[in-house]
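Please look over the sequence and the 3D structure shown here before reading the report that follows.

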Amino acid sequence: MKTELIVTTYNAPHTLNLVLMALLSQSLRPDSVAIADDGSGPETRELLESFNGKLQLRHVWHPDNGFGKNEILNKAIASSDAELLIFIDGDCLASPRFIERHVALAHPDRFSTGSVVRLSEKTTNLISEKDIQTARVFDTNWLSAQGELNSPSKKLKAGKAAFPIAAFLDRISPVKITWSGGNASTSRAQLIKVNGFDETMRYGGEDKELGSRLLNAGVKGQFLRYSAPLLHMHHARGYVDPEIVKQNRAKIEETRRISRVWADNGLDKHL
């Protein structure tokens, strides 16, 4: 089974560099990494060139035309030749067993999705390349010392529990399963079945809408709440529009209510 990790990004080369460095330490690397680039400038291309020979990278890019994350994701999916697609955002650090865990749980009729530990601006600014190389950034004691893990749940989500215990907690977790675009995987075939992401939707729950359609199509979800830790680095979100978020919530509810499976404006036009 060929696997590809799809990483979304937009004009954040410093952050993307740390994300890619974390991939170098994976216990199991994906066969390829697609950078789904929503219109970044030349600095991002130069960064990716510096990883030549270290990771099997391909750069899926389109011009900057405002928030077009769903469109660039569909282009990455359409151009992929992998059977299993794993998704993270370009501001998320994958713990060393992240890819291994998604691959281990892969099933033709399922999708996997997990949570993230959101880091403060202060802690994000402390993270260095050495912290990635030594995996100190994933040390729950170090994270606790920065004031990040202030509850038992956060400690478990950051990987405090031994792996067998974390995997057991995943199975008994009562959390409602929805697709979380920063930590998810499924087969490319299932994404084609529901026509990928809805390109009419901008930021604010657009990933959950896809998850609802997968569930409507009979694709069962499984939650990786504790066994595939992912650290989300802080950044500003100047693109958030409360009105669009409200519209997206209404679209998600409609998708669930009418059992919508197919995205009318989706993946098919890129295939």
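Which residue in β10 stands opposite A94? The residue opposite A94 is L230 in β10.

This is a predicted model, in which local features need pLDDT of at least 70 and side-chain atom pairs count only at pLDDT 80 or more, while totals for chains, interfaces and linings use all residues. Residues are numbered from 1 along each chain as its sequence is written, and side-chain values use heavy atoms, with hydrogens and water left out.

Helices (H or I, at least four residues) and strands (E, at least two) are DSSP runs numbered from the N terminus, and two strands pair if DSSP finds at least two bridges between them. Strands of a sheet pair through backbone hydrogen bonds, either parallel or antiparallel.

The pair named in the question belongs to an open sheet of 3 strands with mixed pairing, in the order β5-β10-β7. Its edge strands, each pairing on one side only, are β5 (92–94) and β7 (117–118). Another open sheet has 7 strands in the order β3-β2-β1-β4-β8-β6-β9, again with mixed pairing, and here the edge strands are β3 (57–61) and β9 (220–224). From one strand to the next, the twist of this sheet averages 20 degrees.

| Strand pair | Sense | Bridges | Residues opposite each other |
|---|---|---|---|
| β6 (residues 110–114) and β9 | parallel | 5 bridges | T113 and F223 |
| β5 and β10 (residues 230–232) | antiparallel | 3 bridges | A94 and L230 |

Strand β6 also holds S112, which counts as buried because its relative accessibility is 2% (buried means under 20% relative accessible area, exposed over 50%, and partly exposed in between, with a 1.4 Å probe and protein chains only). Leaving aside residues up to four places away in sequence, S112 touches several residues, among them H102, N183 and L224, where contact means heavy atoms within 4.5 Å. The side chains of S112 and Q222 make a polar contact (2.9 Å), a term for a pair of N or O atoms within 3.5 Å, of which, within protein, one must be able to donate a hydrogen and the other to accept it, and residues adjacent in sequence count only if both atoms are side-chain atoms. S187 lies 75 residues from S112 along the chain, and their C-alpha atoms are separated by 10.0 Å.

Turning to helices, residues of α11 that meet α12 include E206, K208 and R213, and those of α12 include N248 and K251.

How values were computed. Axes fitted to C-alpha atoms, helices over the stretch in contact; angles between N-to-C directions.
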